[in-house]
Protein chains: 2
Amino acid sequence: MLRIVLDAMGADNGIAPVVDGLLSSLENKNFHALLVGDELLLKPFVDSKHLPNAILQRIQIVHTNDFMQMTESASIANKRVDTSIYQAIQLLKKGEADACVSAGHSGATMSLATLQIGRIPGVSRPAICTCMPTITSNPSIILDAGANTDCKPEYLLDFAIMGFHYAKKVLGYSSPRVGLLSNGEEDSKGNELTKEAFKMLKHYDFFKGNVEGSDIFNGSVDVIVCDGFMGNLVLKASEGVASSIGIILKEQVRKSFFSMFGYLFMKQAFSSLKKKIDYAEYGGAPLLGVKKPVIVSHGKSNARAIECAIYQAVVGCETMVCDIIQEAFNQNK
Amino acid sequence: MLRIVLDAMGADNGIAPVVDGLLSSLENKNFHALLVGDELLLKPFVDSKHLPNAILQRIQIVHTNDFMQMTESASIANKRVDTSIYQAIQLLKKGEADACVSAGHSGATMSLATLQIGRIPGVSRPAICTCMPTITSNPSIILDAGANTDCKPEYLLDFAIMGFHYAKKVLGYSSPRVGLLSNGEEDSKGNELTKEAFKMLKHYDFFKGNVEGSDIFNGSVDVIVCDGFMGNLVLKASEGVASSIGIILKEQVRKSFFSMFGYLFMKQAFSSLKKKIDYAEYGGAPLLGVKKPVIVSHGKSNARAIECAIYQAVVGCETMVCDIIQEAFNQNK
């Protein structure tokens with residue numbers, strides 16, 4: 001049976017959404033869960049749920065005294081051997097788990113995954129790969145979404161190769177199209193970094209050229225490649241636009257009785273929209289380029305987001321995405 | 001009387017939105033317009049409007065044979081002396097106009113403004129300054145929105161100083177707050193470029209530290225500073241999110257009679273939202289750092305966007321924003 005290790009500590013809203021998300025996922029998928037964190041907190045919480053035996057016996061609490069605070073620097077993560085994320089990554093490293101999910105300190109998770117699990121040979125830098133909603137029925141993925149602030153052109157090439165294989169294997173796209181995030185679609189567009197990366201990428205069939213910020217959402221490509229600084233900016237700006245539109249619209253609705261009346265009838269449409277653009281539905285973000293599946297979840301994850309992140313971990317194992325990436329880098333780089 | 005030169009050629013939808021926007025602005029503001037472009041196109045179009053004399057006598061058509069095509073490289077703009085934008089910039093340079101507005105080739109406009117009008121002494125690079133809607137009643141401005149793809153830290157400092165004075169003088173904010181676009185709010189966040197720029201900016205009272213992509217829209221700062229590559233990405237991604245939300249919501253509405261019914265009652269709220277986030281209402285984007293007011297408009301500008309861009313040019317002249325910037329760079333840099 002598949003074994004998923006879940007870091008229960010350090011998320012913004014405590015253990016509740018993490019454990020609740022785990023319980024939902026255990027109802028739908030048959031796997032064994034290693035729940036790493038403070039047993040004094042976790043055990044009473046799990047017990048309070050009065051779970052059926054069939055689920056309870058698939059949860060094993062692994063006690064740790066310590067966890068990484070969000071305010072701490074990721075650079076100390078590798079010395080803090082008693083933290084929940086350090087122990088979770090150790091279980092993955094020793095082969096006692098098949099994949100790891102954490103909504104704790106994301107810098108620590110990335111750092112420990114890279115240092116302890118190790119990079120796939122040939123991969124210059126692991127990258128955070130985030131799913132984005134599009135106006136089509138297929139989401140796009142963007143990488144790097146934040147792991148590498150300053151990149152060299154060859155990193156972007158590696159992100160493209162990893163993203164291509166992830167989209168093909170995990171998302172099931174038959175021939176994923178990869179675009180390079182730039183300030184215009186013409187080949188000549190770009191900054192120093194992307195112009196150099198473009199020269200490397202143009203030799204690959206999957207590469208469809210430069211794309212613009214709006215192409216993330218219109219489905220014109222499946223994989224968008226950029227450095228982690230840009231990826232972070234674009235994700236946060238996009239979240240900001242979506243939430244601002246919600247706030248402005250609510251303000252307008254409150255101003256008129258007619259609008260409020262209309263809003264009631266549109267509620268279903270709004271909730272479908274919300275579901276489509278809700279980050280929770282896309283779960284966490286895999287850290288591609290390390291030897292085993294590691295899923296980094298948002299610190300603010302609700303139970304649904306944790307549940308979806310666990311499904312991503314399961315699919316990551318089932319599709320053997322790390323082996324696929326390893327093979328790709330063995331072969332044609 | 002104020003004299004505004006308007007490049008009538010090269011916009012994506014031809015002369016109609018440009019001239020229509022001009023006519024609306026002439027009804028509301030008392031200025032003299034120099035309309036530069038093909039007289040054979042412009043004169044019949046203006047005549048067909050049967051304008052009152054009070055407006056007609058404030059329009060002077062300046063004939064040019066040629067114009068920059070959107071597909072041409074900006075690098076040839078300075079040799080193409082018969083183009084409408086070259087002639088428009090010449091009128092500004094020679095003092096026959098007080099400000100210039102163009103919805104044609106933006107690269108050519110920026111290049112000619114810099115080469116022919118010249119930079120304000122002390123300004124390392126001119127920057128495109130774009131207004132963004134926020135959830136508050138005050139828009140924010142972001143610069144550079146696309147003029148400089150690769151930047152040095154000192155350029156970002158200059159953008160901050162120019163943005164501060166623009167927000168104070170033109171937007172009328174009493175003490176504009178300036179933020180540096182980064183991948184986190186902590187002082188330690190950033191890429192190589194922004195970390196260096198942060199060190200320079202922290203000596204200025206107006207500087208409020210690093211801001212994230214979402215801060216563009218939440219009103220937490222008034223001026224957002226970044227390089228032109230990031231600015232372009234963030235703007236286009238934001239447009240993409242807004243238009244995708246519209247498309248997804250329409251799809252959902254079409255699926256149910258109840259939603260369609262509700263939509264009718266909410267129409268006023270949607271149109272207020274649309275107006276608030278419509279780029280047209282924010283007009284064009286001033287190119288800050290050149291000696292005279294130059295407004296770069298979107299190639300796809302509709303008449304309302306051109307009208308607003310002309311108002312920006314008028315306010316730019318009335319508030320003497322170029323002189324203010326010049327003074328700032330004389331004094332404290």
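Tutor: Let's start with a crossing: α1(A) and α2(A) cross in a right-handed way (left-handed if the near helix is turned anticlockwise from the far one by less than a right angle, right-handed if clockwise). This is a predicted model, where local features need pLDDT of at least 70 and side-chain atom pairs count only at pLDDT 80 or more, while totals for chains, interfaces and linings use all residues. Residues are numbered from 1 along each chain as its sequence is written, chains are lettered from A and ligands numbered from 1 in the order written, and side-chain values use heavy atoms, without hydrogens and water.

Student: At what angle do α1 and α2 of chain A pack, and how far apart are their axes?

Tutor: Two packed helices are described by the angle and the distance between their axes. Here α1 (residues 15–28) and α2 (residues 39–47) of chain A pack at about 50 degrees, with axes 11 Å apart. Helices (H or I, at least four residues) and strands (E, at least two) are DSSP runs numbered from the N terminus; axes are lines fitted to C-alpha atoms, for helices over the stretch in contact, with angles from 0 to 180 degrees between N-to-C directions. α1(A) and α2(A) are therefore oblique to each other (under 35 degrees is roughly parallel, over 145 roughly antiparallel, 65 to 115 roughly perpendicular, the rest oblique).

Student: Which residues of α1(A) and α2(A) meet?

Tutor: Ile15(A), Ala16(A), Val19(A) and Asp20(A) of α1(A) meet Leu41(A), Leu42(A), Phe45(A) and Val46(A) of α2(A) (contact: heavy atoms within 4.5 Å).

Student: What is the strand order of the open sheet in chain B?

Tutor: Strands pair through backbone hydrogen bonds, either parallel or antiparallel. In chain B the five strands follow the order β6-β7-β10-β8-β9, with mixed pairing (two strands pair if DSSP finds at least two bridges between them). β6 (130–132) and β9 (207–211) of chain B are at the edges with a single partner strand each, so one side of each has no neighbour in the sheet. Three bridges join β8 (residues 178–181) of chain B to β9(B), and the two run parallel; Val178(B) stands opposite Phe207(B).
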